[in-house]
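Reader: Could you walk me through this model slowly? I am new to reading structures.

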Amino acid sequence: MRYWLMKSEPSEYGIDDLKRDKQSAWFGVRNYQARNFMRDDMQVGDLVLFYHSTCPQPGIAGICKVAKAAAPDVTQFDPEDKHYDPKSKPDNPLWVCVEVKFVKKLDLIPLATLRETPALAEMRILQRGNRLSITPVSDAEWEYITTKLVK
DNA sequence: GCCAACGTTGGC
DNA sequence: GCCAACGTTGGC
């Protein structure tokens, strides 16, 4: 089993939305590296840090779990959708998404807290210039975050 | 709103 | 294959 961090803008889809929906497809990833993580490495049961980005208080907002393996992202074929991709054809879909299930909401662990935690210095999300919306989290990082930083 | 950093595109 | 230009991300 692996651990992951997935970013979302709470104004688009935040932890409260997932709590309400219980489970949701992770639509809209349009980056090859992030797609490959979902397609090749994510497995049902993997645990995920739900991260809020581009908002007044960026940070880890909750935990969810991979509930369904990668499948074609339906929004890529919908011209009305902001994630529409005319390059992708239904017989050879370019983009996939997993589904995640709500596990719990956390008291927000702010980005600033992550930054000032030496044990997390190597986290992908904290590296300079990192923009990947899906990144692996090491066992040690997961352990530290979920035991030391969660109230 | 600004800006640094990155990924993608497209001309050559 | 190179690389400049452009669009996007995301913190501040």
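Predicted model: local features only at pLDDT ≥ 70, side-chain atom pairs only at ≥ 80, totals over all residues.

Reader: What is the mean pLDDT of chain A?

Author: The mean for chain A is 94, and 100% of its residues reach 70 or more, where pLDDT is the predictor's confidence in each residue, from 0 to 100.

Reader: And which element of chain A has the lowest mean pLDDT?

Author: That is helix α1, residues 10-13, with a mean of 94, whereas strand β3, residues 47-52, has the highest, at 98. Helices (H or I, at least four residues) and strands (E, at least two) are DSSP runs, numbered from the N terminus.

Reader: OK, now the DNA. Which residues surround DNA strand C?

Author: Lys 7, Tyr 51, Ser 53, Thr 54, Pro 58, Leu 111 and Arg 131 surround DNA strand C, and a residue counts as near a strand if one of its heavy atoms lies within 4 Å of it. Of the atoms of DNA strand C that come within 4 Å of the protein, sugar and phosphate account for 74%.

Reader: Which part of Tyr 51 lies 2.7 Å from a phosphate oxygen there?

Author: It is a polar side-chain atom of Tyr 51, while for Thr 54 a backbone N or O atom lies 2.9 Å from a phosphate oxygen of DNA strand C.

Reader: What about Arg 131, base or phosphate?

Author: An N or O atom in the side chain of Arg 131 is 2.7 Å from a base oxygen of DNA strand C, and a polar side-chain atom of Arg 131 also lies 2.4 Å from a base oxygen of DNA strand B.

Reader: Which residues are around DNA strand B, then?

Author: Around DNA strand B are Tyr 32, Gln 33, Lys 87, Arg 128, Gly 129 and Arg 131. The side chain of Lys 87 has an N or O atom 3.3 Å from a phosphate oxygen of DNA strand B.

Reader: Changing topic, how many residues line the largest pocket?

Author: The largest pocket is lined by 20 residues, and Lys 7, Ser 8, Glu 9, Phe 27 and His 83 lie nearest its centre. On a 1 Å grid over the protein atoms alone, where a 1.4 Å probe fits, a pocket is an open set of points with protein on both sides within 12 Å along at least five of seven lines, and lining residues have an atom within 4 Å of a point.

Reader: Which elements supply that lining?

Author: β1 (3-8), α1 and β2 (23-25) each supply at least two residues of the lining of the largest pocket.

How values were computed:
Residues numbered from 1 in each chain as written. Chains lettered and ligands numbered in written order. Heavy atoms only, no water. Polar contact = N/O pair within 3.5 Å; in protein donor to acceptor, adjacent residues only side chain to side chain.
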